[in-house]
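Subject: Structure handover

Hello,

Here is the structure you asked for. My notes on what was found in it follow below.

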Amino acid sequence: MSGKSISEKNAPPVEVHDLTVSYNNKPVLWDIDFELPKSQLIAVVGPNGAGKSTLIKAIMGLIDPVSGHSLIYGKPLEQMRKKIAYVPQRETVDWNFPVSVFDVVLMGRYAHLRLFQRPTATDKKLATEALEKVGMADFANRQISQLSGGQQQRVFLARALAQDADIYFMDEPFAGVDASPEDHILQLLRELRSEGRTVVVVHHDLQTVSGYFDWVMLLNLRLVAFGPMETTFTKENLQKAYGGRLNILSQVIELSRKEAFIRESGHE
Amino acid sequence: MSTFWIILTACLAASACSLVGSFLVLRKQAMLGDAISHAVLPGIAIAFLLTASRNTFPMLIGAGAFGLLTVYLTEKLQLRGRLMNDASMGIVFTTLFAIGVIIITLFASQVDLDQECILYGEIAYVPWDLWIFNGMNMGPRPVWILGFVLMLNIIFIVSCYKELKIYAFDRQLAISMGVPVMLIHYGLMGSVSFSTIAAFESVGAILVVALIVVPPATAYLLTERLSRMLMLSVVFGILSSISGYYLALWTNSSIAGAIAVMTGVFFGLALFFSPLDGIFFRKYRGARKELNELSLESGKPVAEYPQV
C-alpha cells in the first residue's frame, strides 16, 4: 500500500458544488458548497437527520442529488472510483451472511478487478496486510457473525484499507467501539493522513472531535461551517448547527413537537 | 428407465432452482421466486398463442421477459408509489398471474395448455415427453431444457461469482466501487425466471418455490461460506428429489408433492441438528456452559462436577 498513487496536480480531493438532495420532496441537504483540503482528517458533525450520511452517499454516487455535482480531483466520479473508498455504517449489512472475515476484506480489492476477473495472489496479500494492520489477522477465517461490534468495525476498516484509495469516507467508524480499539482506529486514520490521504469521518461524539480531527464540517441541512478545527469548532458555530436561534428548521421542529405535546396532554 | 428419467429431471430442476434461490434467500428476497413463478404465466400463454405450439424456446423467452417485468414493476411501484416492497410485489405478481389465467381461459378451447399441469406439474409424464430430433429419439425434452438452464446458471454464477457475492452482501459498496450492480441484479432475476419456467413444467408453479427457497435455507443453516452453501443447496435439492420420488412411490401420491415434503424434512433436520446453530446443539452447548459456570463457582473442573 504505497502512497504513490495520491493524486497529482492541484485539484482538491473533493469539491462539491450547489448540492441539494431530497427524499420524497423533503430536502435533506440544501445547496452545499465546499472543497476538501488534501491529507487532513476531517470530521463531519451535526444533529441526527442533519444529512451527514446523505452527503457522503451523494458524493459516492449512491443517491442522485436534485441538483449540483461533485468532482474527485477535478474529475467526475465515474473516472475516479478507484481513488475513493467508502466505509458504510455497520448496520447496513447482514452480519449473518455466510462469508469469512478474510472474504469481506478481500471485497475491498474488487474495486481494482475487472468484471469476471478473480482476485490474484497480490490482492490476497494486500487483504492479509490490511487485516494485520487493524489487528484482526487471527480472525481471518472466522465467520463474520462471530465478531463483536468493534471487531466488525475494524473489519470494515480493513476492507477500506485493502481498497488502497486516496480519499476515505467513513460513516461513524467509532460507533459501538470500546476505548482501546477506538485508539487503534484513530492511529490508523492518522497513518492514512501521514501517507497523504484524505479522510472524512462522520462523527457523533462532540467531546472527541477537536482531539481527533484537523478540520471540521458542521452540517444541519445546510453547511453551517467548514474549516480548520481551531477557527471553526466554536461555541457559536455549534449552536448554529445544534438548534441555536439562527436555525429556523430546528425551531420549527421544536414548535411542532411542543404543539403535539400540548395536544396530547390536553386529551388526558 | 422411466424411473431414471423422472429422478434425473427432478434433480436437474432442484439444482437449477437451488443455485439461484441461494442468492434470493441471502438477499432476503426468497418470495421473489414465488412472485416470478406466478407472474411468468402470461408470458407462457402469449408465447404459446403466438407460436401455436408447445415449443419451449419461445416459452422461455416469454417467461423470462415477464419475470424481469415483475422485478422491474415491483421496484418501480415501491419507489414511485412509496409502497412497501412486499405489498408492491403482491400487487404485481397477482395481477400478472390473473392476466395469464384470463388469457388461458379465453383461448382454452383453441389451445392445449393444461391449467392443472401449470399449477401442479406432472413429472410422472416426463419419460413420454420425448425430443425427436431429425427422427432420432434424444430422450425426454425436459431433461434437455433443465440441463441447459442449469448449465446457464452454473456459467453465470462461476463467471460472476465475486460480483454476485458483493451484490448480495453489500450492495452499496458494490455500487460505490463501480460494480455493474444492475446488470448482475437483472442477470440473476433472468436466471430465476428461466429456472422457474423450466422447472415448473415438471413440478408446477406452486412447488417450484419449495425448490428455490428450502434447499438454500437448509444449506444456510449448515455452513458459514457462500461457496459451500451453494454446493450444499444442490446436494439437498438432489437428496430431496431422490427420496421424494421413493416417498411418492411408497405412499402412491404426487411425486412433486413428495419432493417438496422431503425438502421440508431435510430443513427440519438441519434446524434441529445443525452443528453450527442447531436447536439440539444450542441446548447441549447451553447445558455445558452452565456446567462450566457452576464449576467455576465451585472452583472444580467440569469433569468432577457430577460427583459433587
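**Between the two chains**

There are three salt bridges between chain A and chain B, a salt bridge being a side-chain nitrogen of Lys or Arg within 4 Å of a carboxyl oxygen of Asp or Glu. A:Arg159 forms a salt bridge with B:Asp170, and their closest N and O atoms are 2.9 Å apart. The elements that give two or more residues to the side of chain A that touches chain B are helix 3 (101-107) and helix 5 (149-163) of chain A. Helices (H or I, at least four residues) and strands (E, at least two) are DSSP runs, numbered from the N terminus.

Before the rest, a word on the source: this is a predicted model, in which local features need pLDDT of at least 70 and side-chain atom pairs count only at pLDDT 80 or more, while totals for chains, interfaces and linings use all residues. Residues are numbered from 1 along each chain as its sequence is written, chains are lettered from A and ligands numbered from 1 in the order in which they are written, and side-chain values use heavy atoms, with hydrogens and water left out.

In total, 35 residues of chain A are in contact (heavy atoms within 4.5 Å) with 27 residues of chain B. The two chains bury about 2,800 Å² between them, 62% of it on carbon and sulfur atoms. Buried area is the accessible area (1.4 Å probe) that two parts lose on being put together, summed over both. A:Phe97, A:Pro98 and A:Tyr110 supply 24% of the area that chain A buries against chain B, more than any other three residues.

A:Gln153 is in helix 5 of chain A. Is this residue buried or exposed? At 2% relative accessibility, A:Gln153 counts as buried; the cut-offs are under 20% relative accessible area for buried, over 50% for exposed, and partly exposed in between (1.4 Å probe, protein chains only). Its side chain makes a polar contact with the side chain of A:Arg90 (3.0 Å). A polar contact is a pair of N or O atoms within 3.5 Å; within protein, one must be able to donate a hydrogen and the other to accept it, and residues adjacent in sequence count only if both atoms are side-chain atoms. Not counting residues up to four places away in sequence, A:Gln153 touches several residues, among them A:Glu172 and A:Pro173.

A:Glu172 lies in the loop between strand 6 (167-171) and helix 6 (179-194) of chain A. A:Glu172 is buried too, with a relative accessible area of 17%. Although A:Glu172 is not a glycine, its phi is positive, about 50 degrees. Most residues other than glycine have a negative phi.

**B:Lys28**

B:Lys28 also has a positive phi, near 60 degrees, and is not a glycine. B:Lys28 sits in the loop between helix 1 (2-26) and helix 2 (31-39) of chain B. At 61% relative accessibility, B:Lys28 counts as exposed.

**A:Arg222**

A:Arg222 lies in strand 9 (residues 222-228) of chain A and is partly exposed, with a relative accessible area of 48%. The C-alpha atoms of A:Arg222 and A:Thr20 are separated by 9.2 Å, and the two residues are 202 residues apart along the chain. Leaving aside neighbours within four places in sequence, A:Arg222 is in contact with A:Trp30 and A:Ile32.

Regards
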